[in-house]
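Trainee: Could you take me closely through one part of this model, the way its helices pack against each other? I am new to it and would like one connected account.

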Amino acid sequence: MKRAAFEARMARIRRTRSIVGLIGFVPLLASLFCFGILCAVPREIYLGIWAAVFGTFLGLTVRMWRERRAFERTGTLTA
């Protein structure tokens, strides 16, 4: 039962991390390829948004890693 709950939690975090990773490419590409209305916003703002999204992606990755290690060590979930 604990294993099933752990796998469901990991799948949810993995799915969220994938979505955040895909969303992270939008401001990065907007800062690199300036065309049309996208040029009205300074590049630093796009890079700042990208940094925030990438930080979230890294945070979710670290969370997955820590929860997996905690589960392997104790066999229980950390809340």
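Mentor: A crossing is called left-handed if the near helix is turned anticlockwise from the far one by less than a right angle, and right-handed if clockwise. The crossing of H1 and H2 is left-handed, where helices are DSSP runs of H or I with at least four residues, numbered from the N terminus. This is a predicted model, in which local features need pLDDT of at least 70, side-chain atom pairs count only at pLDDT 80 or more, and totals for chains, interfaces and linings use all residues. Residues are numbered from 1 along each chain as its sequence is written, and side-chain values use heavy atoms, with hydrogens and water left out.

H1 and H2 pack at an angle of about 165°, with their axes 9 Å apart, the axes being lines fitted to C-alpha atoms over the stretch in contact, and angles running from 0 to 180 degrees between N-to-C directions. That makes H1 roughly antiparallel to H2, a word kept for angles over 145 degrees. By class, their contact has 18 nonpolar, 6 polar and 9 charged residues, with Ala, Val, Leu, Ile, Met, Phe, Trp, Tyr, Cys and Pro counted as nonpolar, Asp, Glu, Lys and Arg as charged, and the others, Gly among them, as polar.

Glu 44 lies in helix H2, and its C-alpha is separated by 8.0 Å from that of Ser 31, 13 residues away along the chain.

Notes:
Helices (H or I, at least four residues) and strands (E, at least two) are DSSP runs, numbered from the N terminus. Angles under 35 degrees count as roughly parallel, over 145 as roughly antiparallel, 65 to 115 as roughly perpendicular and the rest as oblique.
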